[in-house]
Amino acid sequence: MADINLALQGGGAHGAFTWGVLDRLLEDETLRFGWISATSAGAVNAVALAAGLAEGSREKAREKMFKIWQAIYQAGVPDLTRLNPFLNGMVRPSQLTTHIATMLSPYEFNPLGFDPLRHVLTDHVDFDLVRAKSPIELLIAATHVATGRARLFRHDEITVEAVLASACLPVLHHAVEIDGAPYWDGGFSANPDLVTLGSESPVGDTLLVMVAPRVNEKLPTTARDISNHANRLTFNAPLLRDIEVITAVRETCAGALLAKGRLAPLCRHRFHLIDGGPITGTLNPETSLKPDWDMITYLHGAGRDHAEKWMAVARSAVGRLETVDLAKYFFPPSEDGVLFRSPAPPKKPAIKRGASAKRAK
């Protein structure tokens, strides 16, 4: 039996890739989950996983994630604008969210603050049971609007409001108020929080599941491309900051016989990586706000495939040594830092209409 933490990045509907990863990992009965640090779509996946495990089995967790992603598609989450016929008739669907974000605030086009994700979560997740019986510790990140600082909601604080806050895109949703303070998407401040996870969890390994592309070589020149690229930079920045902190701590304690201080465990912590960026990077960035079922099932399959390859080449290293050098991978001098390389991802296949996600038995 090997224990591992999970760090789950946000990414809207692209978080279906993470669903696929978790779906495959749950099939390995010898892999046990410790803590989960998660943001936005990653937080949705995390509470779905925790809720299923709290109900008693890995199979229930897999079923829970399937039902939640199916409900996300059916409800149009996070594409809230599809619920308003007037807004849907203004511009082409592919441009709708971009136009609404620049023309109106959610307090104008959605004055009652309706959020279909709330209904999805309350219908499928028993938050009382999660707090009482989940075998994993959760760190759900949201951004305190007034200060821009991250707040990590822990085990006994996990509520539907905490998850909604973590996934609250301010151009689409009203800020979520918790304890009298408004919160926005956790991606602005922790996406996800690696430092807290690596320094506080008693489990010595963490698997980071990335959704957003870390590099975009093409110079954006249109207004829409510039906006999409700026958003990618914004939501990747907290992860890069955490990796810089981890790198600095390791440089400080390099060669020391006994590292001291709150962050000292980062010197010994072992990191692993499944990077979905090469997959999501082939998609239009705006599809993260358009939960098309064919796209969701394609990403779910891609996530399962990447998890399968990671398990084949790196699973045996869990508990012994790390399989990615974060500093080299994200700030490469020449090499990309991967110590255990999985085969290159296949080219994106044509998406067949009517595809459906089928849970492996």
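This is a predicted model: local features need pLDDT of at least 70, side-chain atom pairs count only at pLDDT 80 or more; totals for chains, interfaces and linings use all residues.
Is Cys168 buried or exposed? Cys168 is buried, and its relative accessible area is 1%.

Let's start with the aromatic rings. A pair of aromatic rings is described by the distance of the centres and the angle of the planes. Searching the whole structure turns up seven aromatic pairs. One of them is Trp19 with Trp69, a stacked pair with 6.2 Å from centre to centre and 5° between the planes. Where do these two residues sit? Trp19 belongs to helix H1, residues 16-25, while Trp69 belongs to helix H3, residues 58-75, so this pair ties together parts that are 50 residues apart in sequence. Both Trp19 and Trp69 are buried.

Now for another pair, Phe153 and Tyr183. Their ring centres are 5.8 Å apart and their planes are at 70°; planes over 60 degrees apart count as edge-to-face, so that is what we call this pair. Phe153 lies in strand S4, residues 150-153, and Tyr183 lies in strand S6, residues 181-185, so the pair ties together parts that are 30 residues apart in sequence. What about burial? The cut-off for buried is under 20% relative accessible area. Phe153, at 1% relative accessibility, counts as buried, and Tyr183, at 4%, counts as buried too.

Stay with strand S4 for a moment. Its partner here is strand S3, residues 137-144; the two run antiparallel and are joined by four bridges. Which residue stands opposite Phe153? That is Ile140. S3 and S4 form a hairpin, with five residues between them. In the turn you can find Gly148, which has a positive phi of about 80°.

Next, two arginines. The charged end of Arg214 sits over the ring of Tyr329, 3.8 Å from the ring centre. Arg315 is placed in the loop between helix H14 (293-313) and helix H15 (326-330). Which side chains does Arg315 reach with polar contacts? There is one of 3.0 Å to the side chain of Asp28, and one of 2.8 Å to the side chain of Thr30. Leaving out residues up to four places away in sequence, Arg315 touches Ala2, Asp28, Thr30, Leu31 and Trp310.

Finally, back to cysteines. A disulfide is a covalent bond between the sulfur atoms of two cysteines. How many disulfides does a search of the whole structure find? It finds one. Cys253 and Cys267 form this disulfide, with their sulfur atoms 1.9 Å apart. The pair links distant parts of the chain, with Cys253 in helix H11 (residues 223-253) and Cys267 in helix H12 (residues 265-268), 14 residues apart. The torsion about the S-S bond is about -125°, so the disulfide is left-handed. Cys253 counts as buried at 14% relative accessibility, whereas Cys267, with a relative accessible area of 22%, is partly exposed.

Note on methods:
Residues are numbered from 1 along each chain as its sequence is written. Side-chain values use heavy atoms; hydrogens and water are left out. Rings of Phe, Tyr and Trp (its six-membered ring) pair if their centres lie within 6.5 Å; planes under 30 degrees apart count as stacked, over 60 as edge-to-face and the rest as tilted. Buried means under 20% relative accessible area, exposed over 50%, partly exposed in between (1.4 Å probe, protein chains only). A charge sits over a ring if NZ of Lys or CZ of Arg is within 6 Å of the ring centre and within 35 degrees of the ring normal. Two strands pair if DSSP finds at least two bridges between them. A polar contact is a pair of N or O atoms within 3.5 Å; within protein, one must be able to donate a hydrogen and the other to accept it, and residues adjacent in sequence count only if both atoms are side-chain atoms. Contact means heavy atoms within 4.5 Å. A disulfide is a pair of cysteine sulfur atoms within 2.5 Å.
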